[in-house]
Structure formats: structure tokens, C-alpha cells
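Please read it alongside the sequence and the model.

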Amino acid sequence: MSGLDGRLPARATGRGAPIRNAMSVDVEDWFQVQAFAGTIPRADWDGFAPRVEANTDRILAAFDRAGARATFFTLGWVAERQPALVRRIVAAGHELASHGHGHELVSEIGETRFREDIRRAKRVLEDVAGVPVRGYRAPTFSIGPALTPWAHRVLAEEGYSYSSSVFPIRHDLYGAPDSPRVTHRPDPAGVTEVPMTTVRALGRNLPFSGGGWFRLMPYPLFRAGLRRVNRAEGQPGVFYFHPWEVDPGQPEVPGAARRSRFRHRVGLEAMEGRLERLLRDFAWGRMDEVFDLAPLPERVEA
């Protein structure tokens with residue numbers, strides 16, 4: 001049930017217990033990132049050596065050591081080619097969710113193709129893993145009230161329960177700075193939106209969710225920002241990263257623009273150690289456990 005301001009509450013923790021934050025992984029390979037979309041054609045993806053399985057297995061091992069559970073927003077494209085990996089994610093107790101099928105920007109493909117993409121991804125993921133898929137994250141946070149006002153409704157119509165796709169910041173590639181910073185329902189006929197975490201400072205929303213910002217920002221500053229969200233605002237945070245971010249040995253993409261190469265590779269060498277610190281410093285859970293999302297059946301029957 002929403003509050004008077006339309007917000008949806010986070011799942012309560014026990015008295016005195018630290019707030020659990022939501023850990024998430026966007027499962028895509030190094031050659032599928034938006035930074036290289038103008039350099040690596042989608043039609044060439046099958047010609048590159050995949051690294052997503054080995055990198056995701058390292059992440060699964062790190063989560064297991066820390067006793068942490070997470071939500072894996074997984075591309076249908078990856079699930080078709082790495083079905084055993086998807087089943088290992090579920091077997092380890094993590095939530096399986098959708099990152100769409102072909103990693104195309106929602107704001108560019110339009111409503112009809114968006115519906116086809118999320119329907120295909122949901123079908124592939126559920127067929128491979130045998131569990132319901134209710135969560136969705138748009139590639140490159142390409143959902144927002146201005147460009148895709150239909151997206152949350154379409155997600156609901158296609159059987160999803162929530163989205164974690166809106167980043168309420170101003171950025172040259174994405175962002176909806178005027179969107180709510182807390183869990184809400186943008187469309188009464190649509191799914192719940194769990195936005196990426198920001199800190200309000202200097203008259204603007206600053207990103208404290210992960211990705212390149214986490215690799216670039218001094219770790220103590222990031223930790224302080226997330227603690228502020230937990231303690232001062234009483235809200236759980238959402239953290240995200242990609243399997244390629246723990247892989248400094250991935251191939252270079254020399255044809256990409258200098259800014260794209262910098263954004264992709266900055267801080268890769270230190271990422272795994274920073275992630276381990278983060279897992280120690282905060283309590284973590286799956287998106288569907290941390291937030292008050294309606295339950296679905298345990299399994300999808302064949």
C-alpha cells in the first residue's frame with residue numbers, strides 16, 4: 001500500500017537491525033555495453049569471445065563468501081547462450097530478473113518493439129531457469145516519464161511486477177532528474193518503480209548507486225553517502241554493477257571514443273576489492289526481499 005505521497009514502503013527490518021540494501025548485477029558481456037554501441041555492431045556479438053560466465057561465477061563466489069543475496073538483471077541474449085549460468089544464479093538463492101533481450105535503449109526502440117523485447121526476455125529466462133521473472137531493468141536506464149511514459153504500463157501488461165530503471169540524475173546519456181528518489185508507482189496501471197539511489201546535495205541529486213560512479217568516487221565518500229540514505233532518510237539503497245567490471249583483463253576497444261573507453265575502464269583494477277569492502281560494510285539482499293513487492297508463485301510449471 002502506498003503512503004499519502006504515493007511512495008511505496010521498503011520492507012521493514014527487525015528493531016535495531018541495520019537497513020538491508022538491494023544488491024543487483026546487470027548481466028551483460030563486455031562487448032554489449034552502450035559505450036561501444038557505435039563501435040561494435042549487434043550483428044557481430046557472436047563473433048566475440050564471451051567472458052560473462054567466468055566473471056559472473058567470480059561474483060557468485062564473492063556473494064557466497066559474504067553471505068549476500070542479490071538480484072541478477074540478465075539479458076535474454078545471454079540466457080540463450082549461457083543457460084547453465086542462469087541456473088547456477090537461481091540455485092545459489094539469488095533473484096533472476098530481466099535486463100531485456102537485446103540491450104537496446106527503450107527510449108529509441110519505441111513501445112511495440114519494447115513489448116516484444118521484454119516478452120522475449122521473460123520467456124527465455126523463465127524457460128531456462130524454471131522460476132518466475134518479475135523484475136526489470138532497462139539498458140542504460142533508458143526509461144523516464146518524458147521519453148517513455150508508456151513503459152511501466154507495458155511492463156505490467158507483460159507480467160512484470162517492478163522496474164528498477166529510472167536514475168533521477170542529470171547525465172548526458174540518461175537520467176530523469178525530476179523523478180522521485182524513492183520507490184513509487186509512476187502509472188496507476190503500471191509496475192512499481194524502484195529508482196537508483198541518489199543523495200540530495202548542492203541543490204541536485206548525486207549518484208550513489210554503483211557502476212562507473214562507484215569506480216571513480218573515493219570509497220569512503222560512497223560509503224558515507226549510502227549511510228546517509230540508510231540512517232538520515234531511513235531508506236534502503238540500490239547498488240548495481242556488471243560482470244565486466246571485475247574483469248580488468250578484458251579486451252581493449254581501440255575504435256571507441258576516448259570518453260567511452262575512459263568510462264568503461266576507469267577503476268576496473270580496484271573494483272573487486274572495493275566490492276568486497278562494500279559487502280562487509282553494509283547488509284545486502286535481493287530486490288524482491290528488500291522492497292515490499294507483491295509475491296508471485298515459487299515456480300513456473302512446464
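Glu289 is partly exposed, at 29% relative accessible area, where buried means under 20%, exposed over 50% and partly exposed in between (1.4 Å probe, protein chains only). Its partner in a salt bridge is Arg286, with 3.8 Å between the closest N and O atoms; the term stands for a side-chain nitrogen of Lys or Arg within 4 Å of a carboxyl oxygen of Asp or Glu. Arg286 is buried, with a relative accessible area of 16%.

This is a predicted model, in which local features need pLDDT of at least 70 and side-chain atom pairs count only at pLDDT 80 or more, while totals for chains, interfaces and linings use all residues. Residues are numbered from 1 along each chain as its sequence is written, and side-chain values use heavy atoms, leaving out hydrogens and water.

**Salt bridges in total and in a network**
- The count of salt bridges comes to 24.
- A network of salt bridges links Glu111, Arg115, Arg119, Arg153, Glu157 and Glu158.

**Asp26 and Arg137**
- Asp26 and Arg137 form a salt bridge, and their closest N and O atoms are 2.8 Å apart.
- This pair links distant parts of the chain, 111 residues apart: Asp26 lies in strand β1 (residues 20-27), and Arg137 in the loop between β4 (135-136) and α5 (151-157).
- Helices (H or I, at least four residues) and strands (E, at least two) are DSSP runs, numbered from the N terminus.
- Asp26 counts as buried because its relative accessibility is 2%.
- Arg137 is buried as well, at 0% relative accessibility.

**Arg181 and Glu233**
- A salt bridge joins the side chains of Arg181 and Glu233, at 3.1 Å from N to O.
- The two residues are 52 residues apart and link distant parts of the chain: Arg181 is in the loop between β5 (162-163) and β6 (192-193), and Glu233 is in the loop between α7 (219-231) and β9 (238-241).
- Arg181 has 25% relative accessibility, so it counts as partly exposed.
- Glu233 is partly exposed too, with a relative accessible area of 29%.

**Leu216 and its contacts**
- Leu216 belongs to helix α6 (residues 211-216).
- With a relative accessible area of 51%, Leu216 is exposed.
- Leaving aside residues up to four places away in sequence, Leu216 touches Phe262 and Val266, where contact means heavy atoms within 4.5 Å.
- Leu216 and Val266 are 50 residues apart along the chain, and their C-alpha atoms are separated by 6.7 Å.
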